[in-house]
Amino acid sequence: MSQESAEHAEHIVSYKTLVGVWVALLVLTVITVAITRAELGALKVWSALAVASVKSALVIAVFMHMKYEARLFRIILLVALVTLATFIGFTFFDVLYR
Amino acid sequence: MSSAESRQPVAEGFWGDTGKTGLGSWIFSTDHKRIGLLYLYSVTGFFLVGVILGLLIRIELMAPGKTIVDAQTYNALFTVHGVVMIFLFIIPGIPASFGNLVMPIQIGARDVAFPRLNLFSWWLYAIGALVVLTSLFTGGGAPDTGWTFYVPFSARTGTNVSLAVFGVFILGFSSILTGVNFVTTIHRLRADGMNWGRLPLFTWSLYATAWVQILATPIIAITLVLVIAERVLGAGLFDPGRGGDPIMFQHLFWIYSHPAVYIMILPAMGVISDIIPVFSRKPIFGYKMIAASSIGIAAAGSLVWGHHMYTSGMSDTAIMVFSFLTFIVAIPSAIKVFNWVSTLYKGSISLEAPMLFALSFVLLFSIGGLSGLILGAAATDIHVHDTHFVVGHFHYVMFGGTGFAFFAAAHYWLPKFFGRRYKEKPAIVGWAFMFVGFNVLYWTMQVLGMHGMPRRYYDYLPEFAPLNFVATVGSWILATGLVIVLVNLVKGLKSGEPVGENPWGGATLEWQIATPPPTENFEGDPVVTHGPYDFKGVVKP
């Protein structure tokens, strides 16, 4: 099965990619700090969450090798993320309308 | 059975074939069967502790005013009863004990995917249990918050809440690791021919349960850490005076703790799905729908936590959404019940102990499920919220459901692993006592709740006295049944009549191997050629 072979194939991420992601994470951190000081109103939380999502996506995809893993693992990760998003989203049925 | 009677089953199979004996061969074993039995002994021990606490609560409530303990002790009694029963018995009860014992064999594997992690899970369970027990006798005394640890009270009470929630935090990791192990095992270690359509329904239910364990348990772990932060650091997360939100605690708590009731009930449903066809001598009705409904319950059940919070001050929008979703969960649950009943239809039914426990599960779970709809509907819930109706309801589901399924599984599977069986007559007498006592106790509680008797109150109005007395008598009948059943089981498994490979005439893989199973389970690699409920050619001795 292709799934098996993909699992056992070792993938070495180049230094160039790793440094690129590291720089991107630093830039995004600066943006997070900047957002806390900007006057964005209700958008402030959403912007901060958006930046955080991009950062964690980079870490998961490159540093944690999810980009190079078998499809099954990516599906499992997606299930976890969708579940978490749903939990947070459903809590807002209360928080937004209280 | 005649061929089996001549052999000595004890000290055979996994009990003796490794040549290792002594305590170390158990608490450091990576054999899924030994770990399953370790869990079984531990959870049964805590179940008995919980039962004694429950009996004490009932004695205290037998008459208004003080009966045997003071109010503070009473608060500690129901808190510890809840914590022990939920976290130390029902959550690990069926999946960790019978799941470990049976699931790898059912899929044709030699062990779980991560045997050492499996052992580590049990150790975490043991350490977590020790921490919880320590919290009862140290610091400010046993927690008095109720098993839900609601803020702001849990953040302020002087009792030993921090240590107790830390214990529960550790227990959560034990549960997560079992979930990870089971998902991996079921995906990776199925034998040749054991495709998803041939998976026994017990294994299907464990698969659905494992997902809930993985996805929901981390949330309670984080929430409990937040409670500790609130108590130790004064973080103010749930304190409105400092921008916190006490209702947020309830959301976080129930995001896990409602799916947790599905961690408790799904494996029980799997047990019933495996037992009913064997004792009806018929393939299960609607295999695919039962398997799919396990996943359906796990998914839909994760989105209904708000129905615990209708009176909390949550928004009306949320109340309507959660009420609607709660009714959705009734659909997959009803699919299971209808399919079990359809399996019985025109079956060749034999009423032995496992079947009696399984059939009472169907009835008691249905009563509990229907009373759950009264609580799921926002309008009626306001009336019975925090009354004995709720206590009666969840005991119908958790004890009448999961508890009875636990005993069904014990009577059905344990002879396979011990090589000896219990006596049928005392088992049936014990079951009858349990069934009658159960209904006298919890039906009465539901009626009391409808009349307005609040839960967790130490004292009550004189008009509730007669029914409270009846409920307490019910608890004694139930306890009598429990003692008969347990004594008969232990005696039978220790020195009862030997059993052969397949005493019930089951068609799943665990009945095709030696009794008790050898450490490696199978002599060669098994090849599966038929479904789990295909009884053609299977002879019941």
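A residue is buried if 20 or more other C-beta atoms lie within 10 Å of its own, exposed if 12 or fewer, and partly exposed in between, with C-beta atoms placed from the backbone. Keep that scale at hand for the tour.

This is a predicted model, in which local features need pLDDT of at least 70, side-chain atom pairs count only at pLDDT 80 or more, and totals for chains, interfaces and linings use all residues. Residues are numbered from 1 along each chain as its sequence is written, and chains are lettered from A and ligands numbered from 1 in the order in which they are written.

**Stop 1**

Select chain B. Its secondary structure comes to 16 helices and 2 strands. Helices (H or I, at least four residues) and strands (E, at least two) are DSSP runs, numbered from the N terminus. The radius of gyration of chain B is 23 Å, close to the 24 Å from the globule rule for 541 residues, so chain B is as compact as a globular protein of that length. That radius is taken over C-alpha atoms, and the rule is 2.2 Å times the number of residues to the power 0.38. Along the principal axes, the C-alpha atoms of chain B fill a box of roughly 70 × 45 × 45 Å.

Colour chain B by burial. Buried residues make up 55% of its 541 residues. Now consider contacts: two residues are in contact if their C-beta atoms, placed from the backbone, lie within 7 Å. Of the contacts in chain B with a separation of 6 or more, 85% are between residues 24 or more positions apart.

Next, select residues 26–529 of chain B. UniProt lists them, in an unreviewed entry, as "domain: Cytochrome oxidase subunit I profile". UniProt positions are given in the numbering used here, feature names are shortened, and annotations may be inferred rather than shown by experiment.

**Stop 2: the core of chain B**

Show B:Ile272, B:Ile275, B:Phe361, B:Ala405, B:Ala408 and B:Ala409. In the largest nonpolar core, which has 172 residues, these touch the most other members. Such a core is a set of buried Ala, Val, Leu, Ile, Met, Phe, Trp, Tyr and Cys residues joined through C-beta atoms within 7 Å. α9(B) gives the most to this core, with 22 residues.

Centre on B:Ala408. What is B:Ala408 in contact with, leaving aside its neighbours within four places in sequence? The list is B:Val271, B:Ile272, B:Ile275, B:Pro354, B:Phe357, B:Ala358 and B:Phe361.

**Stop 3**

Most residues other than glycine have a negative phi, and most peptide bonds are trans.

- Go to B:Pro152, in the loop between α5 (115–137) and α6 (153–156) of chain B. The peptide bond from B:Val151 to B:Pro152 is cis, with omega near 0 degrees.
- Jump to B:Pro516, in the segment after β2 (497–498) of chain B. The bond from B:Thr515 to B:Pro516 is cis too, with omega near -15 degrees.
- Find B:Asp386, in the loop between α13 (378–384) and α14 (388–418) of chain B. Its phi is positive, about 55 degrees, although B:Asp386 is not a glycine. Buried or partly exposed? With 14 C-beta neighbours inside 10 Å, B:Asp386 counts as partly exposed.
- Switch to A:His65, in the loop between α3 (43–63) and α4 (71–95) of chain A. Phi of A:His65 is near 65 degrees, a positive value in a residue other than glycine. A:His65 counts as partly exposed because it has 14 C-beta neighbours inside 10 Å.

**Stop 4: chain A**

Select chain A. It has 4 helices and 0 strands. Buried residues make up 4% of its 98 residues. Among its contacts between residues at least 6 apart in sequence, 55% join residues at least 24 apart.

Colour domain 1 (12–64) and domain 2 (69–98) of chain A separately. The bounds come from an automatic or database domain assignment. Their centres, taken over C-alpha atoms, are separated by 19 Å.

UniProt, in an unreviewed entry, places "transmembrane region" at residues 12–35, 41–63 and 75–97 of chain A. Select 12–35: the span is 88% helix and 0% strand, with end C-alpha atoms 35 Å apart. Then select 75–97: this span is 91% helix and 0% strand, with its ends 33 Å apart by C-alpha.

**Stop 5: where the chains touch**

Show both chains. The contact takes 10 residues from chain B and 10 residues from chain A. On the chain B side, the elements that give two or more residues are α9 (246–280) and α11 (316–344). α11(B) gives the most to that side, with 3 residues. The chain B residues there divide into 6 nonpolar, 4 polar and no charged. Here Ala, Val, Leu, Ile, Met, Phe, Trp, Tyr, Cys and Pro count as nonpolar, Asp, Glu, Lys and Arg as charged, and the others, Gly among them, as polar.
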